[in-house]
Amino acid sequence: MKLSVSGRATATAVVAAATLLATGSIAGAAPAPEPAAIAAAPDIPVTAVKAHLTQLQSIATANGGNRAHGRTGYRASLDYVKAELDAAGFTTRIQQFTASGRVGYNLIADWPGGDTNQVVMAGSHLDSVSSGAGINDNGTGSAAVLEAALTVARTGYQPTKHLRFAWWGAEELGLVGSRYYVNSLSSANRARISGYLNFDMIGSPNPGYFVYDDDPAIEKTFKDYFAGIGVATEIETEGDGRSDHAPFKSAGVPVGGLFTGASRAKTASQVTKWGGTAGQAFDRCYHSSCDTTANVNDTALNRNADALAHAVWTLSQ
């Protein structure tokens, strides 16, 4: 959002600039260097994010209707995401763990370059529950993180900080994959993570716009983005501590994230802000077989994917 500047402010700025140049010329001093511009994040096309959701739906359909931990649909989902990242030039690795007697997997993808002592991470859980394909929960977060990563590659973005993306296994069993990852890090490597951004359910069909309030700087980054597009936000409380940011926060890593709501009902005041249906759950198909590609609000998915990219670009410079 561009803000208008009053004529008085403009005139003042012009006079100040002229004075500075004149002073520098008289004193023989070089003009002060301009501050480095912050690169704006590219738009993340919702059509590209939805194309990934279509792939995840097809994987679920071909593998018993779900993409749950320890099932063939989960591993096929991970293989799909990994292939996309490998082709784009990421350095990927699969981290293996065991939960409930089944083998699980995390996928970690690093974009070459940037200061590895300052790591910005964005992540989402890739597994579904066993009762459905898990397209909103959490195909939406997984697909948006994937498309943001692919956009980094397509644009040749070279941030000051190091970028890392992650897809977690067995979140639905109690944050198992993300906790395993955090516990596997040395204290020095945990300290190198300057921020972890979590995206879990960002396309709910009766959406709200919720921002985690864990780290003030990350929270402000998201709130500023939504304010800039004229969308009101609320602090996220329904899933507080129930997603993959929790192990990072417990380890002292600054965290933040976005959420569009699950089984809690939307209030009349929230309808006034966001539209939708009062008294109805943000996602009536939460953890159900109807959580398919038909269970996604495109506007919410688009806004949140762009907010995701905005935070990744802003916090990594």
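Contact here means heavy atoms within 4.5 Å. This is a predicted model: local features need pLDDT of at least 70, side-chain atom pairs count only at pLDDT 80 or more, and totals for chains, interfaces and linings use all residues. Residues are numbered from 1 along each chain as its sequence is written, and side-chain values use heavy atoms, with hydrogens and water left out.

**View A. Leu 85 and its contacts.** Not counting residues up to four places away in sequence, Leu 85 touches Phe 90, Thr 92, Leu 107, Ala 109, Leu 146, Ala 149, Leu 150 and Trp 167.

**View B. The nonpolar cores.** A nonpolar core is a set of buried Ala, Val, Leu, Ile, Met, Phe, Trp, Tyr and Cys residues joined through side-chain atoms within 4.5 Å. Buried means under 20% relative accessible area, exposed over 50%, partly exposed in between (1.4 Å probe, protein chains only). The largest core has 64 residues; Leu 85, Phe 165, Trp 167, Leu 197, Phe 199 and Phe 222 touch the most other members. A second, separate core holds 13 residues, including Val 119, Ala 166, Leu 185 and Val 255.

**View C. Helix H5, residues 176–184****.** Helices (H or I, at least four residues) are DSSP runs, numbered from the N terminus. Gly 177, Ser 178, Tyr 181 and Val 182 are the buried residues of H5. They fall within an arc of 130 degrees seen down the helix axis, so they line one face of H5. The arc is taken from directions between the helix axis and the C-beta atoms.

**View D. The disulfide.** The structure holds one disulfide (a pair of cysteine sulfur atoms within 2.5 Å). Cys 285 and Cys 290 form it, with sulfur atoms 2.1 Å apart. Cys 285 is buried at 12% relative accessibility, and Cys 290 is partly exposed at 35%.

Technical notes. Helices (H or I, at least four residues) and strands (E, at least two) are DSSP runs, numbered from the N terminus.
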